[in-house]
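Work through these exercises with the model open beside you. Try each task before you read its solution.

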Amino acid sequence: MHEQAFKTLEYDSLRALVRRGAQTPMGRARIDALAPLDDLKELREALRVIAEAVELRQRGLTWSFSEIADPSDALALLNIEGSTLEPLAMLELARLAEQALAARAIILTERAMVPALWQIIEALPRELHSLAARITGKILPSGELDDRASPELGRIRHDITRLRSSITRTLESLMRRSEAAIQDELVTVRNDRFVIPVKADHRGRVGGVAHGSSSSGQTVFIEPLETIEANNEMQALRETEEREIARILFTLTEELRNERHALELAAHAVASLDFIGAKVAFLQKFDCVVPEISEQGALELIAARHPLLEENLRASGGAVVPVSFSLDAEHPVMVISGANAGGKTVVLKTAGLLSLMALSGLPVPARAASFPFYASVLADIGDHQSLAANLSTFTSHVANISRMIEICDAPALVLLDEVGTGTDPEEGSALGVAVVDHFRRACGAHVLGTTHYSGLKMYAANEEAVINASVEFDEKTLQPTYKLLVGIAGASSGIEIARRFGIPDKIVSAASENVKASTRDATEYLRRIKREAEEASSLRAALEEERTAVAEKYASLETEAARRERERQAKFETELLTAIEEFEKRSREMVAKIEDRAERLKVEREAQRHVAELKREAQRAARAATGSPSSPSSNASARGVRVVRDGRVINHEPTLESDAEETEFRTAPPRAIKARDQVRLKSFGSIGIVDKINGDEAEVRVKSLRFREKLSNLELVETVKPEVESGRGASLRTLAQKRGTEVHLRASTDDPRAELNVIGRSTDEAVDEADKFLDEAFLNSLQHIRIVHGHGTGALRRAIGDLLKGHPHVARFAPAPQDQGGSGATVVELKQ
């Protein structure tokens with residue numbers, strides 16, 4: 001990277017902006033050393049950890065560091081055998097370990113989602129927590145050792161406290177006895193020995209050793225003879241205390257030295273996480289995105305903003321106008337023209353600084369951004385003239401561009417501000433075209449250039465690989481809007497800007513008259529193109545609004561249709577439930593009237609079978625309901641639930657007869673009922689034959705069952721000739737008639753099964769098969785059956801268990817014995 005580009009694009013100021021988010025000296029040092037990376041894999045990893053950290057924050061998980069000092073000096077001292085750390089340095093290392101482990105715990109909870117972050121902190125041993133706890137348990141926040149740091153230290157300090165109290169009491173007693181000689185009744189310490197203040201003119205009244213006098217000379221500090229021995233003992237205890245403190249500190253230092261590698265890992269992890277945290281804080285403050293590194297070599301910026309400019313404008317309440325453009329292999333050059341102070345240079349600096357940010361592993365302030373892995377970012381922006389170096393504006397630009405040509409390595413981004421300026425316009429324009437074309441062809445660079453020269457504008461218009469662009473200028477207010485218009489060259493509007501800045505109208509009018517006619521025509525042409533582009537943009541916006549409105553209307557129609565479908569399904573399910581309840585109720589009433597116990601048991605089983613089948617079919621019909629008037633579910637609902645499945649007619653009317661029977665009879669003309677008449681039982685709807693009449697009651701035979709029923713509850717019926725049917729439906733109808741209107745729900749088997757294997761089925765399929773198997777086993781009077789579901793995840797076993805718990809045929813069930821499959825199968829005892 002060209003050092004001039006870093007200076008021109010204010011990379012150091014950017015570092016300072018990112019640095020504000022760091023919380024530790026190590027993190028700030030990392031940011032100070034921030035620079036574009038030259039390894040693509042390392043760059044992708046740096047951007048990846050930012051994305052992972054952002055995802056963690058969105059889940060409410062984040063780490064933070066506080067009061068962590070740079071541990072490099074303490075870690076260096078640990079490398080010296082026999083050295084001892086200061087207590088405060090030990091506390092700093094303990095704090096480092098604790099906060100590193102806290103960050104590890106946060107990342108641990110989501111390690112599968114953030115593998116790159118986890119890799120930074122994974123190797124940190126959890127043993128550091130106990131080490132940090134031992135240090136903080138023995139060293140107080142002030143740096144002093146706690147009395148409980150060791151039993152010996154506790155004993156020594158207890159003796160010191162006891163002896164201090166004894167000395168103090170002795171001295172206080174002495175001061176009371178010699179009150180006239182005492183300056184102040186206050187025990188003080190001089191030279192680490194307890195003394196009393198004695199008036200200088202009463203020095204001889206208190207015997208002892210003098211340890212100095214006050215600054216005024218009025219007070220002499222005397223250690224009385226009575227406490228000399230106690231003071232000596234105090235000195236000995238303090239020396240013992242210091243030796244014990246030194247021993248404890250050395251022991252703790254040795255513990256830290258043994259974990260030196262782990263502490264270095266913690267320091268590295270904290271530095272890395274703080275560095276990443278500062279990037280994420282920058283991302284949140286400036287509404288950034290994590291950029292993509294394009295393998296196709298395309299530069300694309302959507303709603304990009306210059307972070308330094310945005311920071312300055314925020315302070316004054318302003319906002320940055322974002323820019324959007326793209327450069328690729330087919331269009332690697334963009335020439336920007338337009339009014340002075342309209343924002344052309346800002347576009348260059350935005351593209352350049354954001355490219356350096358992306359290559360440094362930083363998020364960029366944009367809605368979307370993609371950058372090539374540039375090997376060079378070169379910039380010639382601003383006026384580099386220098387009197388000391390004997391460089392004019394033009395020569396300084398030329399010298400800088402010459403150096404850029406020498407060091408340009410592909411892929412490169414080249415930024416040229418006012419290329420060719422500072423000399424004759426015609427020569428400068430030609431030189432500008434040649435320089436831009438050289439960087440495009442010889443260096444294969446992406447080139448962004450600004451100009452006021454018509455030659456460069458024409459070059460951009462005539463070259464297919466070059467894009468024309470301009471910064472918008474409001475001709476009504478004579479103010480720039482700072483919007484970048486891609487595809488349109490712009491007029492410089494120099495005369496209008498001069499008028500805005502107060503140049504007298506007389507001078508402005510004279511300048512307008514001196515402009516060549518061809519130049520005026522070109523300017524007017526550019527203005528017309530701009531107006532047409534604005535009209536096209538307005539039309540496109542209107543069409544987009546209309547498209548959005550249509551999409552919203554379509555979405556609302558879909559929502560309404562879904563709501564109606566839900567209501568229809570709910571209604572259908574309610575009707576099915578009502579039919580099931582009515583069926584169960586009438587079945588119970590009918591069974592209660594049967595006198596023969598064997599017949600009653602048989603009917604009960606048949607009714608239970610019908611109820612189970614009805615529930616299963618109702619659930620299927622509800623799931624498969626489509627709302628079509630001709631669908632099976634709708635027809636079932638309309639007819640009181642009649643389902644046709646696999647060529648079989650399943651009758652769900654609240655009787656034990658099939659629909660075939662109902663369609664064969666109609667109400668006969670009214671007359672007195674007599675023996676051998678066909679009648680319908682009004683309470684059940686069943687068709688039977690009258691065997692005999694006893695008064696107002698009749699004995700009615702329905703199939704093999706006999707009922708006593710009042711004549712008022714019987715309705716005379718007559719046979720109706722059935723309609724001619726063809727195909728399979730007719731065959732099924734005829735079969736139903738031959739069987740006395742009884743329709744079976746299953747095919748009979750010669751040898752009923754006592755075992756079902758559902759391994760490999762989904763839970764829905766397994767439950768469906770098991771339900772049918774239970775019906776089949778019950779009808780075949782089996783007492784014990786076995787369902788094999790395997791071990792697996794346990795989902796099949798749980799689903800089968802849930803089915804068996806509420807099934808009407810099941811008396812009890814349990815896991816199979818070990819010799820019959822163990823927990824991989826379930827044995828079931830059926831009701832008899």
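**Exercise 1. The whole chain**

What share of the contacts in the protein with a separation of 6 or more comes from residues 24 or more positions apart?

Solution. Start with the term: a contact means heavy atoms within 4.5 Å. Residues 24 or more positions apart account for 68% of the contacts in the protein with a separation of 6 or more.

Next, note the source. This is a predicted model, where local features need pLDDT of at least 70, side-chain atom pairs count only at pLDDT 80 or more, and totals for chains, interfaces and linings use all residues. Residues are numbered from 1 along each chain as its sequence is written, and side-chain values use heavy atoms, with hydrogens and water left out.

Now check the confidence. pLDDT is the predictor's confidence in each residue, from 0 to 100. The protein averages 81, and 80% of the residues score at least 70. Over residues 385-390 the pLDDT is below 50, and this stretch has five contacts in the model beyond near neighbours in sequence.

Finally, list the elements. The protein has 25 helices and 26 strands. These are DSSP runs numbered from the N terminus: helices are H or I with at least four residues, strands E with at least two.

**Exercise 2. Two helices**

Describe how helix H6 (residues 87-108) and helix H11 (residues 260-285) cross.

Solution. First, take distance and angle. The axes come within 9 Å and cross at roughly 60°. Axes are lines fitted to C-alpha atoms, for helices over the stretch in contact, and angles run from 0 to 180 degrees between N-to-C directions.

Second, name the arrangement. H6 and H11 are therefore oblique to each other. (Under 35 degrees is roughly parallel, over 145 roughly antiparallel, 65 to 115 roughly perpendicular, and the rest oblique.)

Third, find the residues. H6 contributes Leu 93, Leu 96, Ala 97, Ala 100, Ala 103 and Ile 107, while H11 contributes Leu 263, Ala 266, Ala 267, Val 270 and Leu 273.

**Exercise 3. Two residues**

Are Asp 380 and Thr 350 buried or exposed?

Solution. Use the cut-offs: buried is under 20% relative accessible area, exposed over 50%, partly exposed in between (1.4 Å probe, protein chains only). Asp 380 has a relative accessible area of 1%, so Asp 380 is buried. Thr 350 has 3%, so Thr 350 is buried.

Then place each one. Asp 380 lies in strand S10 (residues 376-380). Residues that Asp 380 touches include His 397, Asn 400 and Asp 417. Thr 350 lies in helix H13 (residues 344-359). Leaving aside neighbours within four places in sequence, Thr 350 contacts Ala 304, Arg 305, His 306 and Val 323.
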